[in-house]
Amino acid sequence: MTSRFNLYKYSSPATFYALAGKMIPWFYGAAALLGAVGLYISFFLAPTDFQQSEAYRIIFIHVPASWMSMFIYVVMAGWAAFGLAFNTRLSFMMASALAPTGAMLTFVSLWTGALWGKPTWGAWWVWDARLTSELILFFLYLGFMALQAAIDDPRRADRAGALIALVGVVNVPIIYFSVRWWNTLHQGASVSMTKAPSMATIMLEGMMVMALAVWMYAIAASLSRVRSIILERERNTQWVAQLLETEV
Amino acid sequence: MLEGKDLACVRGERALFSHLNFTLHGGELLLVQGANGSGKTSLLRMVCGLLAPEFGEILWQGEKIAAVRESYHAGMAYFGHAPAVKEDLSAFENLDFSCRLAGIPVDHEEVKGALGHLGLGHCLNLPAKSLSQGQRRRVALSRLLLVKARLWILDEPLTALDQAALQLVQSLIGEHLRRGGMALLTTHQPVMIPGITPKILDLSA
Amino acid sequence: MNAAQTVFILLRRELMLAMRRRGDVLTVLFFFVIVASLFPLGVGPDPKLLRLMGGGVVWVAALLAAMLSLGRMFAGDYADGTLEQLVLTPTPPVVWITGKILAHWLVSGVPLILMAPVLGVQFGLSGDALAVLVFSLLLGTPVLSLIGAIGAALTLGLRGGGVLVSLLVLPLYIPVLIFGAGAVDGAMSELGSEAHLSLLGGILILAFMLTPWAVSAALRISIE
């Protein structure tokens, strides 16, 4: 009995709301700091690439955004599975809060991919396996958000969204494999971003710092989104009423 | 025995009812009453197992209904708002298929008999789309005669029925109770079943 | 009563309903034909180009047609209360869900397979390629019904359900499209289509084992 009580305490939206409120500034701060350092390394310290000249520097944004966009989908599906298994409302809220950030990063990844492609491949869009998979991932995010938006009943929206996220995550490896297969068959040796000349250590460092920055940003953004979801869902409860009184 | 313990229901953001308790034994009738929107249909769907209660549990012969789903559903018949009658099938086909899908082997005579009992003998083979609203509901009610369910859960079984059918359905419920069956129903009409004093569950209270 | 019997009774009922609503079945079939016929009008009548595109175009048209017919899978039963009654039968949901999906495939997938060779001829596909096209559709269209069932179940009773289901389901259809169209391409080159067809078969088995459970969960969510 006691262990159940503990779980409820930590997963209670009221407790979490306060906790998240304290954590958000730290994560935003870390994101800003790491972002500044990362961008400085990427744009000033990293040497000019002898093949791609300055244009390659966009990968310092592109690659972290792509990594994070995929990772967030998996995390989202994890929260969804947790919510379906243990019926904890907070997990569903976390899943919904992550989706817009994930979709945004997917979009950034596509956009910067296009910016990178123009000088490198001579075209804004190339049906490269990675870009295509990223595009499909974007569609998966859109589907998740559209489904949740179409359902009025929050309980059904949570569960339906969770299920489609799980179905999506099971399909992602199959989709990725099929797209790679399709790409190699149709293009022979494809131009791929990982086949860029082996990176100097400083470039790798820049990319890692940028990845951490994106990570911190994603945590901060989804925490603050989950706070607004909590407020909206719990607006009829006593603790929100008290909160509003003290804040006004 | 059917038991509801400390049930609570939340639809959307509205709490419909909470701390609701009831018991129902063989031969008893439970009338669920309450204003529109008080959660009568939700309660019935909850008892069926279509809707998970926000809190509390429903027990069938002492076991949670989810744990004994198959035997519970085999011993239960639900009549909902939508009559589950396919417009493109005839009255006969509708009843025949719905019994077979529920796992009840029926022969032609039984199906005809059940429909005849509800006054549909003359339109066995008409497609349901040419039947009136009341006739469709009779098709749906005729299932109750064939499925050997101990528990009947009936949501507004008396609406859209004419005087004769009203009497008929009430006498069907009466017979069912006298055989030791149980019934849970919602209605806005007065229910008169000779020899039976219904238990009342008022959701507005 | 065993599972096979339930599936059989359900199939009989669904086919009877489809026969009485032949119009719905034909609409999807005509949609399939029209979509495929639009491509030559869009890209020009060059036979070489059309032969190259044929397999892919027929597959894309099949994807769209299969998606269009998803609305019928559960929506009618949901609206008239039949779905609730099915949930309340003692039969495990996975059993009758499999029956419903099978019925959907028979009614909307099989006609596409039968029509596909005609469309293939329009695109100048060779005999081998036509045979592979039919075979790839035979393996692939059941997957479309299986995966589509999840989308159909999740969007029951929602406004704009039709458009929504396409957003949910089409991205998941992509592997089927790639391997299906790839098989036809393979038949026309020296690559062969065995690998594609095996992968398609693998996807079919996987989908057949997993999707009925997902659909069962989805229906439970939507019916509540």
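This is a predicted model: local features need pLDDT of at least 70, side-chain atom pairs count only at pLDDT 80 or more; totals for chains, interfaces and linings use all residues.
Two residues are in contact if their C-beta atoms, placed from the backbone, lie within 7 Å.

Residues are numbered from 1 along each chain as its sequence is written, and chains are lettered from A and ligands numbered from 1 in the order in which they are written.

I will start with chain B. Chain B has six helices and nine strands; helices (H or I, at least four residues) and strands (E, at least two) are DSSP runs, numbered from the N terminus. With a radius of gyration of 17 Å, close to the 17 Å from the globule rule for 205 residues, chain B is as compact as a globular protein of that length. That radius is taken over C-alpha atoms, and the rule is 2.2 Å times the number of residues to the power 0.38. Along the principal axes, the C-alpha atoms of chain B fill a box of roughly 50 × 35 × 35 Å. Of the contacts in chain B with a separation of 6 or more, 69% are between residues 24 or more positions apart.

Next, the sheet. Five strands of chain B form an open sheet in the order β6-β7-β8-β3-β9, with parallel pairing; strands pair if DSSP finds at least two bridges between them. At the edges are β6 (76-79) and β9 (199-202) of chain B, each pairing on one side only. The twist averages 15 degrees from one strand to the next. Axes here are lines fitted to C-alpha atoms, for helices over the stretch in contact, and angles run from 0 to 180 degrees between N-to-C directions. β6(B) and β7(B), residues 151-155, are joined by four bridges, and Phe79(B) has Leu154(B) as its bridge partner in β7(B). Helix α1(B), residues 40-48, packs on the sheet, touching β3, β6, β7 and β8 of chain B, at about 150 degrees to β7(B). Helix α6(B), residues 163-178, lies across β3, β7 and β8 of chain B and runs at about 145 degrees to β8(B).

Now helix α3(B), residues 91-101. How many of its 11 residues are buried? The count is 10, where buried means 20 or more other C-beta atoms within 10 Å of the residue's own, exposed means 12 or fewer, and partly exposed is in between. Among them are Glu93(B), Asp96(B) and Arg100(B). The cover includes α4 (108-117) and α5 (133-146) of chain B, together with α1 (3-20) and α5 (82-87) of chain C. After α3(B) comes Gly103(B), with a positive phi near 85 degrees.

That brings in chain C. Between chains B and C, 22 residues of chain B are in contact with 21 residues of chain C. On the chain B side, α3(B) gives the largest share, four residues.

Last, the core. A nonpolar core is a set of buried Ala, Val, Leu, Ile, Met, Phe, Trp, Tyr and Cys residues joined through C-beta atoms within 7 Å. The largest one has 198 residues, and Ile153(B) is one of those that touch the most other members. Leaving aside neighbours within four places in sequence, Ile153(B) is in contact with residues including Leu44(B), Met76(B) and Leu184(B).
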